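Thanks for coming. I will go through the charged pairs in this model, then one patch on its surface. Please look at the sequence and the structure first.

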Amino acid sequence: MSELDIVKALMELVKQSIDHNPNYSEWEKWWRKCGIEETEELAKEYYRQQQN
């Protein structure tokens with residue numbers, strides 16, 4: 001399992017916890033997931049650069 005796989009798994013767990021939190025409105029869930037997806041993309045770019 002690579003570091004990127006670990007980041008992906010961690011992000012998926014965070015997304016699931018957001019989905020199951022009754023205190024967030026649908027808008028808040030969407031907003032938080034967008035931030036997580038952006039972080040995941042940044043991690044992918046970082047690891048690609050490290051491999052080159």
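One definition before the pairs: helices (H or I, at least four residues) and strands (E, at least two) are DSSP runs, numbered from the N terminus. This is a predicted model, in which local features need pLDDT of at least 70 and side-chain atom pairs count only at pLDDT 80 or more, while totals for chains, interfaces and linings use all residues. Residues are numbered from 1 along each chain as its sequence is written, and side-chain values use heavy atoms, with hydrogens and water left out.

Now the charges. Side chains of opposite charge can pair when their charged atoms come close. I call a pair a salt bridge when a side-chain nitrogen of Lys or Arg is within 4 Å of a carboxyl oxygen of Asp or Glu. How many salt bridges does the structure hold? There are four, and I will describe some of them.

Start with E26 and K29, whose side chains form a salt bridge at 3.6 Å, N to O. Both residues sit in helix α2, and because they are three residues apart there, about one helical turn separates them. For exposure, buried means under 20% relative accessible area, exposed means over 50%, and partly exposed is in between (1.4 Å probe, protein chains only). E26 is exposed, at 60%, whereas K29 is buried, at 13%.

Helix α2 also holds E41 and K44, again three residues apart, about one turn of the helix. In their salt bridge the closest N and O atoms are 3.3 Å apart. E41 has a relative accessible area of 39%, so it is partly exposed. K44 counts as buried because its relative accessibility is 18%.

Which parts of the chain does the pair K15 and E37 link? K15 is in helix α1 (residues 3–19) and E37 is in helix α2 (residues 26–51), so defined by the DSSP runs; the two residues are 22 apart and the parts are distant. Their side chains meet in a salt bridge, 3.6 Å from N to O. K15 is buried, with 15% relative accessibility, and E37 is partly exposed, with 38%.

Last, the surface. L10, L13 and V14 make a nonpolar surface patch of about 270 Å². Patch residues have over 30% relative accessible area and no salt bridge; like charges are joined within 9 Å, and nonpolar side chains (Val, Leu, Ile, Met, Phe, Trp, Tyr) within 5 Å. Accessible areas come from the Shrake-Rupley method with a 1.4 Å probe, and for residues only the protein chains shown count as cover. L13 lies in helix α1 and is exposed, with a relative accessible area of 54%.
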